[in-house]
Amino acid sequence: GRYFAVGEYSGVFVSSDGLSWSNAAPQGVARLMDIVSAGGIFVAVGRDFQSLTSTDGGTWTNGTLPHPLNVATKYNALAYGQNRFVAVGTRGQVSTSLTGTNWVSRFLGTIEHMHGATYADQQWVAVGRLREIVASTNGIHWTTYNSLDPGILTAIHYANGLFVAANVQVALGSLLISPDGKVWTEYYEIGCPPFYAVGHGNGTW
């Protein structure tokens, strides 16, 4: 087992214990935002519609994703399901791939920046700016379930039958929770700080 991390101008880092890290990909690449290992391949995506792929986690190949608006599209998140990668990013951009190397642009149905994505319960769910929440059962056709609310949904995770999304609203934060990805309930406490990530382990969020 190995851990992989991506970041700004540093490529991909790898660790066998989570304590000692080494660079596994060429430095100087654009900012990478997310990485997924699935379907026999590692895929990382990020700024300037850039991608990195590897079959062994050691040798990496540069690639690009679609950018139909002819602007510097940044892909913020990846999710894998139904033998398909889905990448979401700025201006509502979404692209899908069966291989992790050849991508097709899809219309997400929003112009808001999307920051997080996950696959669970036979669907992809993506979240983003103005609390935009969209879902798809095939990665191609998307339905909006929440939008135009104050805040930015920065991440989403699924575990124990629940989707949980992290929210940033000015200097405060909250969590949006849903059992099906469609109907959402907000939870917060007065003075709660902004949330930028969410996870689950050992029965605890």
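**Close-up views of a predicted all-strand model**

**View 1. An open sheet of four antiparallel strands.** In this predicted model, four strands form an open sheet in the order E16-E17-E18-E19, with antiparallel pairing. Strands (E) are DSSP runs of at least two residues and helices (H or I) runs of at least four, numbered from the N terminus; two strands pair if DSSP finds at least two bridges between them. E16 runs antiparallel to strand E17 (residues 162–169), joined by seven bridges. Leu 153 has Asn 167 in E17 as its bridge partner.

Residues are numbered from 1 along each chain as its sequence is written, and side-chain values use heavy atoms, without hydrogens or water. Because the model is predicted, local features need pLDDT of at least 70 and side-chain atom pairs count only at pLDDT 80 or more, whereas totals for chains, interfaces and linings use all residues.

**View 2. The whole protein.** The secondary structure consists of zero helices and 19 strands. The radius of gyration, taken over C-alpha atoms, is 17 Å, close to the 17 Å given for 205 residues by the globule rule, so the protein is as compact as a globular protein of that length; the rule is 2.2 Å times the number of residues to the power 0.38. Along the principal axes, the C-alpha atoms fill a box of roughly 45 × 40 × 30 Å. Of the 205 residues, 46% count as buried, that is, under 20% relative accessible area, with exposed being over 50% and partly exposed in between (1.4 Å probe, protein chains only).

View 3. Six of the six residues of strand E13 (residues 123–128) are buried, so the strand is largely enclosed by the rest of the structure. Gln 123, Val 125 and Val 127 point one way, and Trp 124, Ala 126 and Gly 128 the other. E12 pairs with E13 in the antiparallel sense over six bridges, and Met 114 stands opposite Gly 128. Two residues separate E12 and E13 in their hairpin, where Asp 121 in the turn has a positive phi of about 55 degrees. E13 also pairs with strand E14 (residues 133–136), in the antiparallel sense over four bridges, with Val 127 opposite Ile 133. Four residues lie between E13 and E14 in this hairpin, and Leu 130 in the turn has a positive phi of about 55 degrees.

View 4. Thr 118 belongs to strand E12 (residues 114–120) and counts as buried at 12% relative accessibility. Beyond its neighbours within four places in sequence, Thr 118 is in contact (heavy atoms within 4.5 Å) with residues including Trp 124, Val 125, Ile 156, Tyr 158 and Phe 163.

**View 5. Arg 131 in the loop between E13 and E14.** Arg 131 lies in this loop and is buried, with a relative accessible area of 8%. Its side chain makes a polar contact with the side chain of Glu 186 (3.0 Å); a polar contact is a pair of N or O atoms within 3.5 Å, where, within protein, one must be able to donate a hydrogen and the other to accept it, and residues adjacent in sequence count only if both atoms are side-chain atoms. Leaving aside neighbours within four places in sequence, the contacts of Arg 131 include Leu 153 and Asn 167, which are bridge partners.
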